[in-house]
Structure formats: structure tokens, C-alpha cells
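Please look over the sequence and the model first, then go through the points below.

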Amino acid sequence: MKENGQNNLSTELLTRLNEIGEAEIVVGIPSYNNARTIGHVVRAVNAGLAKYFPERKSVIVNSDGGSNDNTREAVLSAELDADSVLFVAHPVRLVSRISTPYHGIPGKGSAFRTIFSVAKHLNAKACVVVDSDLRSITPQWVELLAKPILERDLDFIAPYYLRHKYDGTITNSIIYPITRSLFGRRVRQPIGGEFGLSGRLAAHYLEKEVWGTDVARFGIDIWMTVTAIAEGFKVAQAYLGAKLHDAKDPGSDLTSMFRQVVGSVFGLMETYSSVWQSMNGSQPVPMFGFPFEVGVEPISVNVDRMVKTYRQGISDLREIFQGFLSPQTFHDLTACAERSGEDFRVPDLLWVHMIYEFAAAYHHKLLDRDHLMQSLVPLYLGRTASFVLEVKESNAFEVEQRIEELCSVFEAERPYLDHHWSDTSRKEKNYARAN
Amino acid sequence: MPGLIEKAFIEPFDRLAQQLALVVPALIIVLVILIVGGAVAYVARRLTYRLLVTTHFDRLMIQTGVASTIDRARVFRSPSDFGARLVQGVLWMFIILLALSATNAQMTQDLVVRFVNYVPDILTATLVLLLGSVVSKFLARSALLAAVNAHWSGARLIAGGVRLLVMSLAVVIALEQLRIGRTALLVSFGILFGGVVLGGAIAFGFVARDLARDWVQSILKSRASEDEEVFRHL
């Protein structure tokens, strides 16, 4: 597939886009080996466009990462007008990158980039992206994500789901509280996977020089959300009900996923440090859609293994932690490791201090950043185990209250972050005193 | 009588005076070189120290993990102090060589020439050891983190092994560069390395076969339980 030299679209795709001319709505579906679910997603999107936007010219773009399970055939076999579906390939493996090198590194972010490029080329007013592994998507999702953009002149619509209390723990324990406490907007699912965005915001994203970084992988969701908030675009949420999707993202493991997502957040803290340093507290964002109760899938969690990993991390990585964590924080983390069984807890205040110290260590480059992120994984698993034990008997409302409490601690402890962020490291300070 | 006095006292004094006339200027030059050189080395240390502190050398050393090695020696206040004293030490080495060559004696001249010829090897060996230290620390830390996140119980042992292996390689290369016990060293290293690998294999596969079986079973079990788990983090 030949690529156009001025953007990341192939010549064949550009020819097809030129035939289409313009479109008001572009719905993008990034995929990689999602043959089992993508047909349903395409049908739901098509039905949503037909039902809620029958007069608007729309295009569905499937940006595929080189699937080998007939994902693209599944899209083709979905019952809809084939002329309105475009297939765009982006590589996932390095060999594929060679054949289409312009698409950059393999990952969801690269797929999004192609979708945004299509939206820009078609001069779309609204661009909606939905995951291809969804089992709970309904046609109304398209309306909820696109309508506020088209009719309310908003720029960014984040999803709001009901999830199982053990689901999305990186979001609940790190991403949401940090986004909220630093950038002042309560976007509950900043890395939800489904988004609606205005054409101007999609074009704005394309101008950023981030497509060779972790943003091109799992970091894309948080990057989009934080960029939209920090750069003053109009942000809202849409209530989508439950999110049910395939259990695992093929080829992804926790450590690399964690590194890409949390590393992207820490990176964004550096990019927008002047923004968050002048901000205090947080405000809710407008919510579209009608909240309703839904059943969610049960999730099994192996708490013992998480606690074991936490203890091993504290024991085996102590020299690493002592290099950048404050003595008090490390002491408290060690004390937590000594608590056993149902009593195992990592308290909110300790967790918040620890995350802020990690962010400051990332900023001051006190350790190789990859190593820093990897060393956070066992501690995160410990905190997750603590959370699971704590909310074992709680209902969804109580769990949400619990997450709100954690967010309050993150907001209240902002001075702690400010102090560590502007301060040099403890070890460096010791040297300075000795010097 | 006057002849005797001249032979017994005046001539030896003359000879001593002549010898002193030859040695004293050289000694004065040596002293001047040592005093001036010492002062220059001191000033260089102070300047280097300021420069290193200003350029956040300590932070760089913390990041690369070298700081903890320097700390372990318990001699230097900080990596900057170490760097500054290293510069001072190198300068002192050249000052002493300069002072020795100023004596103009054949033996010292030979010593100076031999030492100067050896300096590139010493510098290369030092560089190899420093590089080996940084690389071994980095690789050991990578192995440690990967092992912990893979739930391997012998994570520190693995990291220690990686560090030992890389540092051993660096030491062998450095000693080879210094031309110290070349053949014996290479043979010893080969025997040692081969022995470690063979011993490890025998211990793990034969003597500790139960351990090996348990370990493999635990891995399979852990993978199976991971597959069963539908926990989503994002």
C-alpha cells in the first residue's frame, strides 16, 4: 500500500476519500484481531447513524492493525451498505511497519491517528471512536457521543460507564484521581476507549508531535483527554450504561500497559505543569444521556497473588525505592507489607504520597523512566488488593463514594506534590548538604 | 702539610660542592614542580567540583546507579567530590612524572617513559571498568524488575547473577588491556564461566530436580490462573 507523503493515509485511501468528498460524521473503529466482536460494533454504529443522523453524511472507518483472524472480513460481512465502510490498515508488527512506515509505531494511537486524518480530510464536524471488542454497544452510543458535538458546539465527549467495582483499577486508583486533582475537571473515565470529538479537536491532535511515543500505543486515551482539558477545549461526558468487552487485549501485558498509560500521565504532567500548578480543586463536567441501572459482569480477582507480588516488590526492590521515595513513605509501605490476610491495607494518604513522589521522581529523572514505571507495578497491585479487600461487601454506590474519598485526598495533598515537584531529590539534597 | 690539608679537606669539599651544584638545582626544580603542581591540582579540584555541582553531576550519577557504588566506598562526600578528587589524582600523577623527569637521572627517565607508554592502557582499563559498572547495574536492575513483575521468587539472585557476569567480563577485558596474566586469566575465566553454567545446569536438572519440577509446575499453575482471571486494569 502506497502512502501519501503529506499525511499518513495511503494513496488508495485518499482516492476513495476524494470520491466521498466531505462527510459530517466520521466513526472510527480501531481493531486488531477482533473478528468475534467487530461485526456487532459495525452494525450498531451503522444503525445509530441511520437512526439518529439519517440526513448527515457519515463514514465508518475501520483502522486495522494487521489482524490475522479475518477481522476485516467480519466487517465486510456485517449487514450494511458496503460502500459506506472504509478499511484502513495500520501495522501492529514491525514487519508491517516497513510496508507502511508512515503509520508509525504499532498500537491504538496509530489507528486513531489514521481515523483523525480521515476526519480532517473529509472536513468532518464530528468524529466518534469506539472500541472493536465491545459487546454492550448500542446504536444510541453514536448519538450520545456525536450529538453534543454537532448540536452543542462541544469539543470532547468522554464516556461514562457503569463498571464492576473491581473493573478499571488503574483508572480508579491513579488516572481519574490525578486527572481530576491536577486539571480540575471530573472526567470519570478518562481512558474509557470511546470518545466523541469535534473536527477541530481531531485536527488539533494531528498537529501534535506525539505519534512516535507511547501515545501511539495505550497512552492515546489519557493523552486525548488531558490535552482537551488542559488546552481549554469544551469537555463533557455521555452516560453509556455498562461497558462489556472482551476480557483481554491480545498481546498486552500489565507491565507494558501500565508503563504506557501511567507513564503518559506523568509525561503530560510535565507538558502541562504550568496549567496544573495554577489550578486548585475540581469541577464536574456536563453529563449527557439518561443514567440507568444495569447489571455488570462479575470479575474474579486473585488477591493473594497481588499481595504476594507487593511483598516481593517491597523486599526485592527496596534499594530502588530508597533511591527516590521519602524515608517515611518507604517505611509506611514496608509496614503495610507486614499486615496479613484480610487486614492487608495500603491507606489512601500513603498511596497518594507515593504516587506524587513517583511523579516527582519521573520529573526529576531520578531513575530510568522505564524502570521507574516497572517498579510501580507491584505497589499498584498491593493497592488494588487493598481496595478489593476493603470494598468486598460494598455496593456500586458505596464503591463510588470510596473513589470520591480517594480523589479528595489527591486534591487535598496537592501541596505535597508541589513540594516534591519543585524540590530536588532527597539523595541529591543530602549530597548538596555534604558538599 | 698544606698538601695534606688540601687533599683531606678542600678537595672533598670541592667534589661535594660540584656534586651539589649538579643536584641542588634539580632538587629545587622538583620542589618547585611539586609545590606549583600541587597548587594547580588543588585549584583544578575546586574548579572541577564547582563545575560538577553546577551541571548536576550528582543527579546523573544517581540516575545511572553509580552514586551508590561511590557511596559504598565511604570515602567521598558525593559523586562530585569523587570526580573532583579523581581529576586532582590524575594531575598529581602527571606532576610526579614531571618531577621525576626533571631529576634527569637515567633510572627515573626510563620509569617515566615506561609509565607514559602504559597510561593509555590504564585509561582504557579504567573506562572499561566504569562502563562495565554502569551497564551491569542497569542490566541487573532490568532483570530484577522483570523477575519481580513475573512473580519469580529468586529475583534478586537473578539480578545478582547478571551483575556478576557483566562485571566479570569487564574485569577480564580490563586486565587483558593491562596485559596482566593474559592467558592464565582467560583460561581461568573460561573454566569459571563454564563451570558456573555446567554446575547450575547439573544442580538444577539433576540434584535439584524436585525444585525444577516444582518450579515448572508453579509457572504452569500461575499461567493457568492468569488465564482464568478476567481482571481488567484500565
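Which residue in strand 7 of chain A does Ile157(A) stand opposite? In this predicted model, Ile157(A) faces Gly196(A) of that strand.

**Chain A overall**
- Chain A holds 19 helices and 10 strands.
- Of the 435 residues in chain A, 61% are buried.
- Among contacts in chain A with a separation of 6 or more, 81% are between residues 24 or more positions apart.

**Strand 7 of chain A and its partners**
- Strand 7 of chain A spans residues 195-198 and is covered on both faces.
- Phe195(A) and Leu197(A) lie on one side of the strand, with Gly196(A) and Ser198(A) on the other, and all of them are buried.
- Strand 4 of chain A (residues 126-129) runs antiparallel to strand 7 of chain A and is joined to it by 4 bridges.
- Within that pair, Cys127(A) is placed opposite Leu197(A).
- Strand 5 of chain A (residues 156-162) also pairs with strand 7 of chain A in the antiparallel sense, over 2 bridges.

**Ser136 in chain B**
- Ser136(B) belongs to helix 5 of chain B, which covers residues 106-149.
- Ser136(B) counts as buried because its relative accessibility is 0%, and buried means under 20%.
- Beyond neighbours within four places in sequence, Ser136(B) contacts Arg163(B), Val166(B) and Met167(B).

Definitions and conventions. Residues are numbered from 1 along each chain as its sequence is written. Chains are lettered from A and ligands numbered from 1 in the order in which they are written. This is a predicted model: local features need pLDDT of at least 70, side-chain atom pairs count only at pLDDT 80 or more; totals for chains, interfaces and linings use all residues. Side-chain values use heavy atoms; hydrogens and water are left out. Buried means under 20% relative accessible area, exposed over 50%, partly exposed in between (1.4 Å probe, protein chains only). Contact means heavy atoms within 4.5 Å. Two strands pair if DSSP finds at least two bridges between them.
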